[in-house]
Amino acid sequence: MTVHPSLQPYADAWTHSIEAISELVLPLPEGEWNRATPCPGWSVRDVVSHIIGIECEQLGDPRPIHTVARDLRHVVDEFTRYMEVQVDVRRHHTAPEMTSELEYTVIRRMRQLRNEKRDPATMVRGPLGEQVTLEEALRMRAFDVWVHEQDLRQALGRPGNWDAPGAFVARDMLLAGLPKVVAKKAGAPANSAVVLDVHGPLEFMRTVRVDAQGRGTLDKAPSLGPAVTLTMDWETYVRLAAGRVRARTVADRVKVEGDAELADAILTRFSVTP
């Protein structure tokens, strides 16, 4: 157990997902590591490399000294180039090399979390080297490994864990970006409301309210006259909000009521992840 209870849910969610990932990939033959995932340009090996690399950075390991080729189509900005280093440096690793490093990294991280004595507000290194609180760093890791677990499950045809502890962390993190999508990116009119109704393993309804100044806020109270209501299943919501699919490819899984033009503007800008 960690000393501070606010860290425990994130540690538990991370542990659940990282163990599930280990179980998924440990028995994979060499060829399965090359399967494409929903992450642009990334194979199963690449997703696992990303997870290993970020966890190593959370342990304080130095980043690899490595130059990423300039012709990778999925590397489009400094963020993706930064993330690609830990992936590209492992791109030719064999299955035994990958599973060995994953197991060793997980053991080290679990030991670190078990012995965590720092206050949740302690500043630590974040994903791009910026400073974030320990609580935020662990929350982001719980979110990231659960989403990548789903990437791996889709690539390998092994669905599951849609209601795992990490799913609840992901729900809250993805919803936090929804007001910006509705109010800023899609330009919903002032004094309007947009309702999101999600069903499936996780069920919830949220309303984004846009005030007179065009600012969006999120709450659980229903709206009597929303400009738009979007209804979809939990899996579709995750894949849209995490940028894994485009709205047109899952149009048959999204029910739209209200202003069709505004709904289209929201759905085409639905991703809240980098």
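**Strand pairing, helix packing and the nonpolar core**

Strands β3 and β4 form a hairpin with four residues between them, and G200 in the turn has a positive phi of about 120°. Helices (H or I, at least four residues) and strands (E, at least two) are DSSP runs numbered from the N terminus, and two strands pair if DSSP finds at least two bridges between them. The model is predicted: local features need pLDDT of at least 70 and side-chain atom pairs count only at pLDDT 80 or more, while totals for chains, interfaces and linings use all residues. Residues are numbered from 1 along each chain as its sequence is written, and side-chain values use heavy atoms, with hydrogens and water left out.

Strand β4 (residues 204-210) pairs with β3 in the antiparallel sense over seven bridges. Within this pairing, A193 stands opposite R209 of β4, and V194 has V208 as its bridge partner in β4. On pairing with β5, β4 is again antiparallel, over four bridges; here the bridge partner of V208 is L218 in β5. A hairpin with five residues between the strands is formed by β4 and β5, and G214 in its turn has a positive phi of about 85°. The pairing of β3 with β6 is parallel and extends over six bridges, with L230 of β6 as the bridge partner of L196. Strand β6 (residues 228-233) pairs with β7 in the antiparallel sense over five bridges, and K255 in β7 is the bridge partner of T231.

Buried means under 20% relative accessible area, exposed over 50%, and partly exposed in between (1.4 Å probe, protein chains only). S192, in strand β3, is buried, with a relative accessible area of 12%. The side chain of S192 reaches the backbone oxygen of P189 at 2.5 Å. Leaving aside neighbours within four places in sequence, S192 is in contact (heavy atoms within 4.5 Å) with V208, R209, V210 and A227.

In soluble globular proteins, nonpolar side chains tend to be buried together. A nonpolar core is defined as a set of buried Ala, Val, Leu, Ile, Met, Phe, Trp, Tyr and Cys residues joined through side-chain atoms within 4.5 Å. The largest nonpolar core has 78 residues, of which L196, M232, W234, Y237 and F270 touch the most other members. Helix α5 gives the most to this core, with 11 residues. Not counting residues up to four places away in sequence, F270 touches L178, V181, L196, L230, M232, Y237, L240 and A241.

Helix α1 (residues 8-25) has 18 residues, and at 1.5 Å a residue should span 26 Å; its end C-alpha atoms are 26 Å apart, which agrees. The expected span is 1.5 Å times one less than the number of residues. Buried residues in α1 are Q8, Y10, A11, A13, W14, S17, I18, A20, I21, S22, L24 and V25. The elements covering these buried residues include α2 (44-58), α4 (95-114), α5 (134-156) and α6 (165-176). E55 is located in helix α2 and is buried, with a relative accessible area of 1%. Apart from neighbours within four places in sequence, E55 is in contact with W14, T105, R109, R141 and V145.

Technical notes:
A polar contact is a pair of N or O atoms within 3.5 Å; within protein, one must be able to donate a hydrogen and the other to accept it, and residues adjacent in sequence count only if both atoms are side-chain atoms.
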